[in-house]
Amino acid sequence: MHVIVARLQVRPEHRAAFLKASEAIITGTRAEAGCLFYALHEDAHDANSFLFYEEWQDRAAIDAHFSEPHFLAFGEAIADAVIEKSIVIHEVAASEHP
């Protein structure tokens with residue numbers, strides 16, 4: 001399993017447009033093969049700071065996600081809105097349920 005943590009800081013004047021654009025990528029991504037979990041979180045202390053938390057079956061599913069039309073459209077739609085972004089892909093070596 002792989003986990004993606006993507007942090008985005010958006011310009012305040014683009015916040016509403018960012019949230020609107022997020023609706024399409026969330027719906028599209030959740031329907032993708034290999035997507036186990038996909039959620040957008042708003043920072044409780046900064047209304048313009050967001051985090052996408054994603055869980056994927058494998059790296060192939062992530063690679064396919066990065067070429068999906070809704071992913072590419074989202075990138076174009078938010079290009080002017082984003083001030084900073086950080087995307088980290090983690091490979092989960094093991095999971096345990098104590």
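The model is a predicted one, in which local features need pLDDT of at least 70 and side-chain atom pairs count only at pLDDT 80 or more, while totals for chains, interfaces and linings use all residues. Residues are numbered from 1 along each chain as its sequence is written, and side-chain values use heavy atoms, with hydrogens and water left out.

Selecting strand E1 (2-10), strand E3 (49-56) and strand E4 (82-91) together with strand E2 (residues 35-42) shows an open sheet of four strands in the order E2-E3-E1-E4, with antiparallel pairing; two strands pair if DSSP finds at least two bridges between them. E2 and E4 stand at the edges with a single partner strand each, so one side of each is left without a neighbour in the sheet.

Next, look at E2 and E3, which run antiparallel, are joined by seven bridges and form a hairpin with six residues between them. Here Ala39 stands opposite Tyr53 in E3. Then turn to E1 and E4, whose antiparallel pairing extends over nine bridges, and find Ile4, whose bridge partner in E4 is Ile89.

Residues in their contact (heavy atoms within 4.5 Å) include Phe18, Ala21 and Ile25 of H1 and Phe71, Phe74 and Ile78 of H3.

Finish at the largest pocket, where about 310 Å³ of space lies. A pocket is an open set of points on a 1 Å grid over the protein atoms alone where a 1.4 Å probe fits, with protein on both sides within 12 Å along at least five of seven lines, and lining residues have an atom within 4 Å of a point; the volume is the space filled by probe spheres set on the points. Of the 18 lining residues, Phe71, Phe74, Ile78, Lys85 and Ile87 lie nearest its centre, and H3 gives the most to this lining, with five residues.

Key
Helices (H or I, at least four residues) and strands (E, at least two) are DSSP runs, numbered from the N terminus.
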